[in-house]
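This report describes the architecture and selected side-chain packing of a single protein chain. Please examine the sequence and the model shown here before reading on.

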Amino acid sequence: MPVVSGPSSAKRFFDRLAPAYDAINARIYKREWLDRVRAEIRGERVLDVGVGTGFTTNHLDGAVGIDLSREMLRRAAYRGHRIRADFLRPPFRQGTFDTIVFAGSFYYLGDPDRGFRVAADLLRPGGTVILLSPASAFFAPFVPVYSKEAYETSMARAGLRFERFERLNWAACLVIGKKA
C-alpha cells in the first residue's frame with residue numbers, strides 16, 4: 001500500500017508539505033511537462049484537480065482550482081477560483097468543464113474508475129481529461145502507479161475515449177482522454 005493513498009491521507013500530507021511545496025515543485029516538475037500539459041488544455045472552463053499552489057493553471061482567468069488542502073489553497077497564487085473540496089464529491093453540476101487537469105494528483109484519488117466516472121460527469125461533450133502522472137515502479141512505495149492499460153480500461157469503464165499515453169521520461173507520463 002502506498003504511503004499516500006486516498007483523499008484523507010493526501011490532505012494531511014499536503015497540509016504539512018505546503019510551506020515547501022513550490023520549492024519542491026520547481027525541482028521535480030520540468031518546464032517541458034508544464035508546457036505539454038498546458039498545450040492540451042481546451043476551452044474556457046478548466047478544472048485543476050489538486051491545484052496545490054496553482055502551478056499548472058495559474059495563468060488562466062477562468063480556471064477553477066480544487067484541493068483538499070486548506071494550506072495549499074491559502075498559499076495559491078491563482079487568477080481563477082479556488083475551492084476546498086473533494087473531487088470525488090464535487091460541488092459542480094454535470095457538464096460544467098471543457099478540460100479537467102490532474103497534474104500530479106489523479107493517483108491520490110485512490111480509485112481510478114471512480115475518478116474517471118466523476119471526470120466524465122463533469123466534462124462537457126468533447127471535453128478533455130489530462131493527467132500528468134508517475135510512470136515508474138520507483139514511485140510505487142509512495143503513490144499508486146498505473147499502466148497505460150489501466151488508464152485505458154478505467155477510462156473506457158467511465159465512458160471516456162482513451163486518446164494517448166506518452167512517456168515523458170523514465171519518471172512521468174502524459175495521459176489524454178476525451179468525452180464522446
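## A buried ring pair

Phe 87 is buried, with a relative accessible area of 3%, where buried means under 20% relative accessible area, exposed means over 50%, and partly exposed lies in between (1.4 Å probe, protein chains only). Phe 102 is also buried, at a relative accessible area of 0%. The rings of Phe 87 and Phe 102 have centres 5.3 Å apart and planes at 90 degrees, so the pair is edge-to-face. This pair links distant parts of the chain, 15 residues apart: Phe 87 belongs to the loop between E3 and strand E4 (97-103), and Phe 102 to strand E4. Rings of Phe, Tyr and Trp (its six-membered ring) are paired if their centres lie within 6.5 Å; planes under 30 degrees apart count as stacked, over 60 as edge-to-face and the rest as tilted.

## Basis of the model

The model is predicted, and local features need pLDDT of at least 70, side-chain atom pairs count only at pLDDT 80 or more, and totals for chains, interfaces and linings use all residues. Residues are numbered from 1 along each chain as its sequence is written, and side-chain values use heavy atoms, with hydrogens and water left out.

## Overall composition

The chain contains six helices and seven strands, arranged along the sequence in the pattern α-α-α-β-β-α-β-β-α-β-α-β-β. Helices (H or I, at least four residues) and strands (E, at least two) are DSSP runs, numbered from the N terminus. Of the 180 residues of the chain, 50% count as buried. Among contacts (heavy atoms within 4.5 Å) between residues at least 6 apart in sequence, 60% join residues at least 24 apart.

## The sheet

An open sheet is formed by seven strands in the order E3-E2-E1-E4-E5-E7-E6, with mixed pairing; two strands pair if DSSP finds at least two bridges between them. Strand E3 (81-84) and strand E6 (160-167) are the edge strands, each pairing on one side only. Neighbouring strands are turned by 15 degrees against each other on average, direction ignored. Axes are lines fitted to C-alpha atoms, for helices over the stretch in contact, and angles run from 0 to 180 degrees between N-to-C directions.

Strand E1 (residues 46-49) and E2 run parallel and are joined by three bridges, with Leu 47 opposite Val 64 in E2. E2 and E3 also run parallel, joined by four bridges, and Asp 67 stands opposite Arg 84 in E3. E6 and strand E7 (residues 172-179), by contrast, pair in the antiparallel sense over seven bridges; the bridge partner of Arg 161 in E7 is Lys 178.

## Helix H6 against the sheet

Helix H6 (residues 148-158) lies across strand E5 (123-134), E6 and E7, and runs at about 165 degrees to E6. The buried residues of H6 are Tyr 151, Ser 154, Met 155 and Ala 158. These cover an arc of only 100 degrees around the axis, which puts them on the same side of H6; the arc is that of the directions from the helix axis to the C-beta atoms. The buried residues pack against helix H5 (112-122), E5, E6 and E7. The face of H6 turned away from this buried side carries the exposed residues Ala 156 and Arg 157. Gly 159 follows H6 and has a positive phi, near 85 degrees.

## Aromatic cluster and strand contacts

The count of aromatic pairs comes to nine. Ring pairs link Phe 87, Phe 102, Phe 106, Phe 116, Tyr 146, Tyr 151 and Phe 165 into a cluster. Both Tyr 146 and Tyr 151 are buried. Phe 165 is placed in strand E6; leaving aside neighbours within four places in sequence, Phe 165 is in contact with Ser 147, Lys 148, Tyr 151, Cys 173, Leu 174 and Val 175.

Thr 128 lies in strand E5 and is buried, with a relative accessible area of 1%. Not counting residues up to four places away in sequence, the residues that Thr 128 touches include Glu 40, Arg 42, Asp 98, Ile 176 and Lys 178.
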